[in-house]
Amino acid sequence: MRVGIRDDLLEYILVQPRGQAHESLFLSDVSPRALNAALLALGVTPGENLRTIAKDPPPTAEQLRDGVPPYTVEVPRGDGFYLYAAWRAGDETYFHRVEDLVRNLASGASMTRHRWVYLGSKTAPDKKHPGQELFAAEIEGNLINLAFFSEGFTLITAALPECIQQTIWLPNAWLVPERGAEVDLIFSRERLALLPAKFADALPHVDAASGK
């Protein structure tokens, strides 16, 4: 995996190069099917994507003009993972919760730490072969979303109420190596206080001077 966007708005944490690479913190050539199989092997079960529910009674015309939304949003819920990024530079090991690498422009703080919900993607119609279906994450190339998307085509989604907003997420660039630098993304079923020793020796090395 390598660093993608460092200085622009984010909607994704991880995509393939053919996905929304201009809006993702990290890029990877990993097969979505292979990654999904690996996640399932860790014992995860699919959760639920966000739900939008129309308000009853609906807001008045005046309330709508004042910005009151006509619906409520239930955030994604269910089983999932804690996400970490790690790399080495010189003789130092860097190990971060993924949320710490992302800034919420609305609050001015880093993204709230939480468990990301596993969706497992879904099938989508094959436009080239009517009547057949394909694995949506394989088609779209988007693997982990930061902002909410109702389609549920990714493997994993963020699960915070503020993720309904798509224009408030920016990388904490001072913590992230230069674009193109190789880093590891770690999917953990439990919170980790330290990087497991078995991962340390295999971490990719970032040039301490250039950040690559």
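Mentor: The following account begins with the protein as a whole and then turns to the pocket. Please bear in mind that this is a predicted model.

The secondary structure comprises 4 helices and 16 strands. With a radius of gyration of 18 Å, close to the 17 Å that the globule rule gives for 212 residues, the protein is as compact as a globular protein of that length. Along the principal axes, its C-alpha atoms fill a box of roughly 60 × 45 × 30 Å. Of the 212 residues, 46% count as buried. Among the contacts with a separation of 6 or more, 64% are made by residues 24 or more positions apart. The protein exposes about 11000 Å², and carbon and sulfur atoms supply 51% of that area.

The largest pocket has a volume of about 300 Å³. Its lining consists of 14 residues, of which Leu-35, Leu-39, Leu-185, Ile-186 and Phe-187 are the closest to its centre. Two elements, α1 (32-41) and β15 (184-188), each give two or more residues to this lining. The strand β15 gives the most, with 4 residues.

Note on methods
Residues are numbered from 1 along each chain as its sequence is written. This is a predicted model: local features need pLDDT of at least 70, side-chain atom pairs count only at pLDDT 80 or more; totals for chains, interfaces and linings use all residues. Side-chain values use heavy atoms; hydrogens and water are left out. On a 1 Å grid over the protein atoms alone, a cavity is a set of points where a 1.4 Å probe fits but cannot get out, and a pocket is an open set with protein on both sides within 12 Å along at least five of seven lines; lining residues have an atom within 4 Å of a point. Grid points are joined across faces, edges and corners, and a volume is the space filled by probe spheres set on the points. The radius of gyration is taken over C-alpha atoms; the globule rule is 2.2 Å times the number of residues to the power 0.38. Buried means under 20% relative accessible area, exposed over 50%, partly exposed in between (1.4 Å probe, protein chains only). Contact means heavy atoms within 4.5 Å. Accessible areas come from the Shrake-Rupley method with a 1.4 Å probe; for residues, only the protein chains shown count as cover.
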